[in-house]
Amino acid sequence: MTTDPATDNITTVNCPNCAANVRWESASAFRPFCSARCQQLDFGEWARESYSIPASAGPDMLDIDAEADF
Ligand SMILES: [Zn+2]
């Protein structure tokens with residue numbers, strides 16, 4: 001229901017780091033980030049915050065599945 005020709009068939013997102021408009025297309029290699037710099041900056045913060053938290057989302061979900069079955 002869009003009448004704006006500028007957004008015709010193109011989804012745009014805001015860069016999580018700097019809020020810049022990013023086209024959601026294969027040409028935007030760093031989407032949802034606008035650039036490699038923003039992508040790496042965001043990943044750096046993420047890695048630092050979760051440095052001491054083990055990535056156990058997968059096994060946890062499997063456990064829930066097993067319990068439900070049991
Ligand atoms: Zn950005």
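User: Why is Cys18 called partly exposed?

Analyst: Cys18 has a relative accessibility of 41%. Buried means under 20% relative accessible area, exposed over 50%, and partly exposed in between, with a 1.4 Å probe and protein chains only. The value for Cys18 falls in between, so Cys18 counts as partly exposed. Before we go on: this is a predicted model, in which local features need pLDDT of at least 70 and side-chain atom pairs count only at pLDDT 80 or more, while totals for chains, interfaces and linings use all residues. Residues are numbered from 1 along each chain as its sequence is written, and side-chain values use heavy atoms, with hydrogens and water left out.

User: What makes Cys15, Cys18, Cys34 and Cys38 the protein donors of the zinc ion?

Analyst: Donors are N, O and S atoms within 2.8 Å of the metal (3.2 Å for Na, K and Ca), and since water is not among the atoms, sites may look incomplete. The SG atoms of these four cysteines lie 2.3 Å from the zinc ion, so they meet the cut-off for donors. Along the sequence, the donor residues follow the spacing C-x2-C-x15-C-x3-C.

User: How do you know that the site of the zinc ion is tetrahedral?

Analyst: The angles among its four donor atoms run from 102 to 118°. Four donors count as tetrahedral if all angles lie between 85 and 135 degrees; four count as square planar and six as octahedral if opposite donors are over 155 degrees apart and all others between 65 and 115; anything else is irregular.

User: What makes up the chain in helices and strands?

Analyst: There are two helices and two strands, in the order β-β-α-α along the sequence. Helices (H or I, at least four residues) and strands (E, at least two) are DSSP runs, numbered from the N terminus.

User: How do you know that the charged end of Arg31 sits over the ring of Trp24?

Analyst: A charge sits over a ring if NZ of Lys or CZ of Arg is within 6 Å of the ring centre and within 35 degrees of the ring normal. The charged end of Arg31 is 5.5 Å from the centre of the Trp24 ring and is counted as sitting over it. Arg31 is also joined to Pro32 by a cis peptide bond, with omega about 5°.

User: Why is Ala19 called exposed?

Analyst: Ala19 has a relative accessible area of 51%, so it is exposed. Ala19 lies in the loop between E1 and E2, and its phi is near 70°, a positive value in a residue other than glycine.
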